[in-house]
Amino acid sequence: MAANKKEAIVLAIDVGKNSLQLGSDGETNFEKAKFCASMILKRKIFAESKDYLALILFGSSQTNNHLASQGYYYNNIEIVTSLGVVTWDLIKHVNSLSPSDITHSDWLNTLVVAADMLKRETEDKIFKDLQIVLFSNLATDISFDKIDIIASGIKKQYINLTIIGKDCEDILVNPVLETFIIKTEATAVNFDSVLPKISHYKQKEVTPRAWNVPLSFGNVFNIKVAGYKKIDETTKSFKWLLCRNYDTPDSISAMNKHTIYSYIDNGEEIEVDRDDIIDGFRFGDTIIPVSDLDIQAYGYKSGPRCLQVLGFTKAKNIQRSFLMDGGSYIFKPHKEDIIAFSAIFKAMVEREELMIIRKIYLNDCLPTIGAMFPQREDNENYFVCVNLPYAEDEHLFKLPSLESFKPNYEEKNVVCNLIDAMDLDVDGNELFMPENTHDPELQYVYDCIAQKAINPDKMLTKTIPEYIQSLLNPPEKIMEKAKQPIDEIIKLFSLQQEIHEKCPIEENNALQVSCDEEMDISKQCVITAFSPIDDFNKLLENGFNSTIVCGKMKSITLDLIESSTSMEDLEKPASNLKVLREFYIHGNDVKSYNDLMYLVKDSVLLSGKEEMWSQFVDSGIGLITNQEAEMSDISQELSENFMKHEVIEDVAAEFIIDDDDPLKEFL
């Protein structure tokens, strides 16, 4: 049976005259308490919490509590809501609170009312925890005659008391308050301490589920382990039912989805029945159908889930560049296999070796190859598993040499000083650790949802809240340390803006359109990778802006070059460049084409296709020289040098693995 994690929480806010005391930042305790209470409630909604919360106001101009109605002296204490699930209406009420003129705010009697409410309303229910959160500076004059009885009652009910508004150091000045805090084991913090921690929204907490699987060593033996996801990407899905408290049966209309399948024949849309549609794939100009029987017969079948050990290798053979994303797992042993697990763990640590494994998460899932690292933390041994790449996943990019720029000692020194000044390791604690850093995008989206839920008729504020803005700005201490190195870098490395003159375009070749029209034309102007030349010619015939059409053609050509793996794949981008070459020569705009060819050369060489470059330029797509067009500033000699390329030594040589190395068998 699943454990009950539901909590019962009572928020008690001082709204009396005493709460108008100003803090060091110029804000009153009342405003801070209202913000804290509102954030607590909103955090509960966004975390989809099932906790029950209640709201009590003391120092209020109204009296509304069950003890006062029975003749006891519990005036100016108002129960706004009893225990229940948080709603946006409750948040609206908190945001609309205003202080009263009541001087006497009896926080001690408020604790009695809150404790009695928890006792009465949780008798027939099971809660993991009972809490009272009191927002008060405890500065009002009250009677402490029954403070020991009240402290004993809170302790007897196992209520966790938190007082926000006064620090423990201030409370210790008063011996009576000190005794009360000790007896109730309460937590007392000031607003300055709690505001930074409560200003961010939390996502729904997910209980990690173990992936129970045997770690198999061939047919020799197995070790039962449980895997847990250690690092995973933050999900961006939101449940818009967060606003369901405003819905009424009359305001909800069912949304029916209806999908229509159709095709275009001679400009006419013809509807097709879903049962008549089959899957297929395109092979050149031919469409080959695929039936369900074909999918079952030729579909990939990896077999059942498994975690299979392929072998071991030295830790130095697995470089950090080999590690892939996709989430990492930690594997812990079951109780009955701790001895075998510990023996293998100890041997791997002593021999400085890692385990290469093959992992299939579920039946017929794609297999992954990973490395198991032995790790020890908090006197507990476990394996950390990270995915490794296959041969086709590894891309070695050959970047151009920087030998043309040789920095002197002063330039090197100032860059090193900047790196040291902006080091995120401060006093042994690294900044921006994932578990302590909030996602600014997620926080902003939550803030926008909260604004619209509370004020649906108002426009969203354009300003980013300060607590979200602080996540985007570097820490002030680091920027102060980095100011001097940055100023020195600006002095040593002067940057000059390069101004490119635009080539004149004849009026009869250009369309005079506004910015909005140009954006609309750009959306309509589409060149596909399937038939780029036909699309290019058709767009020009239809009167589209030649600048936009050529830009689309350049983009699709560069994409085709980067995705190509053979000389055959380069035939299509070569044909595209021939068409562009003729177009630019005819339009007297040779500079645009020559500039494009420099980008093409970089794209070919930097993607590891330097051996194809000579065959590629032989297709008749070289630079436009001054012999072909008078406007060109490219000589024949410069064009010939452009077409040449010296083969650089393979930078992958340092990654070559010896034949005797056990890693070669697995990578």
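Trainee: Is the crossing of helix 17 and helix 19 left-handed or right-handed?
Mentor: The crossing of these two helices is right-handed, a term used when the near helix is turned clockwise from the far one by less than a right angle. This is a predicted model, where local features need pLDDT of at least 70, side-chain atom pairs count only at pLDDT 80 or more, and totals for chains, interfaces and linings use all residues. Residues are numbered from 1 along each chain as its sequence is written, and side-chain values use heavy atoms, with hydrogens and water left out.

Trainee: At what angle do helix 17 and helix 19 pack?
Mentor: Helix 17 (residues 546-563) and helix 19 (residues 590-606) pack at about 20°, and their axes are 9 Å apart. That makes helix 17 roughly parallel to helix 19, the word for angles under 35 degrees.

Trainee: Which residues make that contact between helix 17 and helix 19?
Mentor: Helix 17 contributes Lys-554, Leu-558, Ile-561 and Glu-562, while helix 19 contributes Ser-592, Leu-596, Leu-599, Val-600, Ser-603 and Val-604. Contact here means heavy atoms within 4.5 Å. The residues divide into six nonpolar, two polar and two charged.

Trainee: And how does helix 17 pack with helix 18?
Mentor: Helix 17 and helix 18 (residues 571-586) pack at an angle of about 155°, with axes 9 Å apart. Helix 17 is therefore roughly antiparallel to helix 18, a label for angles over 145 degrees. Their crossing is left-handed. Among the residues that meet are Cys-550, Met-553 and Leu-560 in helix 17, and Pro-573, Leu-580 and Phe-583 in helix 18.

Trainee: Changing topic, in what order do the six strands of the open sheet run?
Mentor: The order is 3-2-1-4-5-6, with mixed pairing. Two strands pair if DSSP finds at least two bridges between them. Strand 3 (77-84) and strand 6 (187-189) are the edge strands, each pairing on one side only.

Trainee: In what sense do strand 1 and strand 4 pair?
Mentor: Strand 1 (residues 7-14) and strand 4 (residues 129-135) pair in the parallel sense over seven bridges. Ile-13 stands opposite Phe-135 in strand 4.

Trainee: Which strands does helix 1 lie across?
Mentor: Helix 1 (residues 29-46) lies across strand 1, strand 2 (52-58) and strand 4, running at about 160° to strand 1.

Definitions and conventions. Axes are lines fitted to C-alpha atoms, for helices over the stretch in contact, and angles run from 0 to 180 degrees between N-to-C directions. Helices (H or I, at least four residues) and strands (E, at least two) are DSSP runs, numbered from the N terminus. Angles under 35 degrees count as roughly parallel, over 145 as roughly antiparallel, 65 to 115 as roughly perpendicular and the rest as oblique. Ala, Val, Leu, Ile, Met, Phe, Trp, Tyr, Cys and Pro count as nonpolar, Asp, Glu, Lys and Arg as charged, and the others, Gly among them, as polar.
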